Amino acid sequence: MNDRSKTKGRMAIYAMAGVYLLYQAYMIFKGLPRSEGTDKIIMIIAMIAFVIIGAAMVIGGVCKSSQLMKEDREAMRKAASGECKEKESGAGQEKEELPVKDPGEMPDEAPEDDPEKTSGQDI
């Protein structure tokens, strides 16, 4: 796995963790009416912290992932245009042909493990 794939996976996990923190902030918000005194102040502080951190994680993860995908698309476009240019430049060039030997010019030797070659010899 290359570094780019690891970064993409990490950004997805950050975004999911951010969504979870936002969910927890919502659950704290729902529980606020039942709390009293210092518990209520602590829950409000935790809720605000979860909202800020969760939103930052979601926004950061999504933005970085979209940036990485955009870079990948640009790299693919460059690679595709590079291949097209190579094909166009190669189309005008003549390829060097290898000489083809006439079957009559080929040596008439059979491989050593050929039974016809060794059949006339004494072992």
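Modeller: A helix here is a DSSP run of H or I with at least four residues, and a strand is a run of E with at least two. By that rule the protein has three helices and zero strands. From the N terminus on, the order of elements is α-α-α. Bear in mind that this is a predicted model.

Colleague: How do you know how far to trust the prediction, and which element has the lowest mean pLDDT?

Modeller: pLDDT is the predictor's confidence in each residue, from 0 to 100. The mean for the protein is 80, and 67% of its residues reach 70 or more. Helix 3 (residues 115-118) has the lowest mean among the elements, 56, while helix 1 (residues 3-31) has the highest, 92.

Colleague: What makes the length of helix 1 agree with its number of residues?

Modeller: The expected span is 1.5 Å times one less than the number of residues. For the 29 residues of helix 1 that gives 42 Å, and the end C-alpha atoms are 42 Å apart, so the two values agree.

Colleague: Why is Ile-52 called exposed?

Modeller: Exposed requires over 50% relative accessible area. Ile-52 has 57%, so the label exposed applies. Ile-52 is in helix 2 (residues 38-91). Its C-alpha atom is separated by 9.3 Å from that of Gly-18, a residue 34 positions away along the chain.

Colleague: And why is Met-57 called partly exposed?

Modeller: Partly exposed lies between the buried limit of 20% and the exposed limit of 50%. Met-57 has 25% relative accessibility, so it counts as partly exposed. Met-57 is also in helix 2.

Colleague: What does Met-57 touch?

Modeller: A contact needs heavy atoms within 4.5 Å. Leaving out residues up to four places away in sequence, Met-57 touches Tyr-14, Ala-15, Ala-17, Gly-18 and Leu-21. The C-alpha atoms of Met-57 and Gly-18 are separated by 4.8 Å, although the two residues are 39 apart along the chain. Across the protein, residues 24 or more positions apart account for 69% of the contacts with a separation of 6 or more.

Colleague: Why is the pair Glu-71 and Arg-4 called a salt bridge?

Modeller: The rule asks for a side-chain nitrogen of Lys or Arg within 4 Å of a carboxyl oxygen of Asp or Glu. The closest N and O atoms of Glu-71 and Arg-4 are 2.7 Å apart, and the pair forms a salt bridge. Glu-71 lies in helix 2 and Arg-4 in helix 1, so the pair ties together parts that are 67 residues apart in sequence. Side chains of opposite charge can pair when their charged atoms come close.

Colleague: How many salt bridges does the rule give, and what makes them one network?

Modeller: The count comes to three. Arg-4 also meets Asp-72, with 2.7 Å from N to O. Asp-72 in turn meets Lys-8 in a salt bridge at 2.4 Å, N to O. Shared partners join Arg-4, Lys-8, Glu-71 and Asp-72 into one network.

Colleague: What makes Tyr-20, Tyr-23, Tyr-26, Met-27 and Phe-29 a patch?

Modeller: Members of a nonpolar patch need over 30% relative accessible area and no salt bridge, and their side chains are joined within 5 Å. These five residues form such a patch on the surface, with about 560 Å² of accessible area together. Take Tyr-26, which is in helix 1. Its relative accessible area is 48%, so Tyr-26 is partly exposed and passes the 30% limit for a patch.

Conventions. Residues numbered from 1 in each chain as written. Heavy atoms only, no water. Buried < 20%, exposed > 50% of the residue type's maximum accessible area, 1.4 Å probe, protein only. Patch = residues over 30% accessible without salt bridge, like charges linked within 9 Å, V, L, I, M, F, W, Y side chains within 5 Å. Areas by Shrake-Rupley, 256 points an atom, 1.4 Å probe, with all protein chains shown as cover.
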